[in-house]
Every structure is written in structure tokens, then in C-alpha cells.
Amino acid sequence: VEFMAVAVVSVIVALNIRRCPTRPTVLVGVMLLVLGNFASAFATDEATLLLARLICGLGKGLVVAIVFGLVAGSARPTRAFATLNIVYALFATFFYLTVPYAIQWNGAAGAFTAMGGVAVAGAMFMPLFPTERLERSQMSGLRLTAIPRFGLLAFAGLVIVWTGHNVIWTFIERLGVNVGLDVSDVGQGLSIAALLT
């Protein structure tokens, strides 16, 4: 449900990129991420957790779509995407080393609290977020009919790859525990993987 919400919101924002001012859209997204993660930490049943993760997905979709749109509209998009991925990998390396302690402290609620804390930390950087839309770019919004066939094939390939990736990713901690690793070992493995990636 969370990943579906990310996908749907990302496509809607991409189709209407000119109507989505950067900073206000990202601010709403970050607020939804904070709300959804802390609500997940306090969820007492599956329905509440499902709703909380849906809220997170909506927020993540807003943030990801605007950030990727800004990167795509930059003067050197390939370099900008590479820089974005490097920063993401470095952060993931640190996060995977620390979140197992949150899990040991309070189980799943600890992990969700840690993710909520990360969203709060991200919100503190909002004053530095760009206010300009893609004025220097020729991007006026995505038209699905304008995507060439190889682009549609690339989209299909990404959907297949990420679906396969996330199906396994969902169970990565359970797989690790099943072979005798504890949560901190799994976190260290994920951290090394993020750094190597």
C-alpha cells in the first residue's frame, strides 16, 4: 500500500509538475512522512498501521516527485542524479547501522520512531529547499503519449526490477534472523551493502 501510494502520487505530480510549487509541496510531503511514521509507531492494529503507511506513501511520493523533477530539470541532470544517489547511499549506510538499536529498544515501534525522527530532521532543512520551479527547463509536465516506446520499455523494466527487489526487501530482516543473525547483524550487512552500492 505504501509503495503503491508513492507510485500513484509520483505520477500525478509528474503529470502536473507546473501546478506543484516546490517548497510547499515538499513541506506537505515531509509533514505526512512525520505523521505517518509516528502514527505507525503507535498503531495498535493492522488497519491503523495500513492507514499510517498509506500516509507515509503519500508524503514520500510528493517529496520524491518534486526532488526528482528538480534534478531532471537541472543543467546537468546526470551529475545531479549521481550526487543524489551518493548522498542517499551514505545516509543509508549510517541509518542501517543505527536503526537496529531503535528496534532493540522498542521493536517495530522503535524503527518507526527512528524514521519519524529522520523526517523531523529533514523538515529542519526546509528553509534551504529551492523555491524555484523548473523555469530554466523545457519541462512542462509529463505526457504519457509523448514517451517513446523504448521509454515505456524502460519503465516496464524498472517496475519488474523494483517489484522483485522490494518483494525480497520486505522479508530481509526475517531471512537474516532465520539464518542466525540478530537485528544489529542485519543492519550492519545492509549498511555495508548500501556503502558498496
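Val1, Met4, Val8, Ile12 and Leu50 make a nonpolar surface patch of about 460 Å². Patch members have over 30% relative accessible area and no salt bridge, with nonpolar side chains joined within 5 Å; the areas use the Shrake-Rupley method with a 1.4 Å probe. Helix H1 (residues 2-15) gives the patch its largest share, three residues, while Val1 sits in the segment before H1. Helices here are DSSP runs (H or I) of at least four residues.

This is a predicted model, where local features need pLDDT of at least 70 and side-chain atom pairs need 80 or more, though totals for chains, interfaces and linings use all residues. Numbering starts from 1 along each chain, and side-chain values use heavy atoms, leaving out hydrogens and water.

## How H2 and H3 pack

Helix H2 (residues 22-41) and helix H3 (residues 46-72) have axes that come within 7 Å and cross at roughly 155°. The two are therefore roughly antiparallel, a label for angles over 145 degrees. Their contact involves 16 nonpolar, seven polar and two charged residues.

## Salt bridges

Look for three salt bridges in the structure, each a Lys or Arg side-chain nitrogen within 4 Å of an Asp or Glu carboxyl oxygen. One of them joins Arg53 and Glu2 at 3.0 Å, N to O. This pair links distant parts of the chain, Arg53 in H3 and Glu2 in H1, 51 residues apart.

Technical notes. Axes are lines fitted to C-alpha atoms, for helices over the stretch in contact, and angles run from 0 to 180 degrees between N-to-C directions. Angles under 35 degrees count as roughly parallel, over 145 as roughly antiparallel, 65 to 115 as roughly perpendicular and the rest as oblique. Ala, Val, Leu, Ile, Met, Phe, Trp, Tyr, Cys and Pro count as nonpolar, Asp, Glu, Lys and Arg as charged, and the others, Gly among them, as polar. Patches are made of residues with over 30% relative accessible area and no salt bridge: like charges are joined within 9 Å, nonpolar side chains (Val, Leu, Ile, Met, Phe, Trp, Tyr) within 5 Å.
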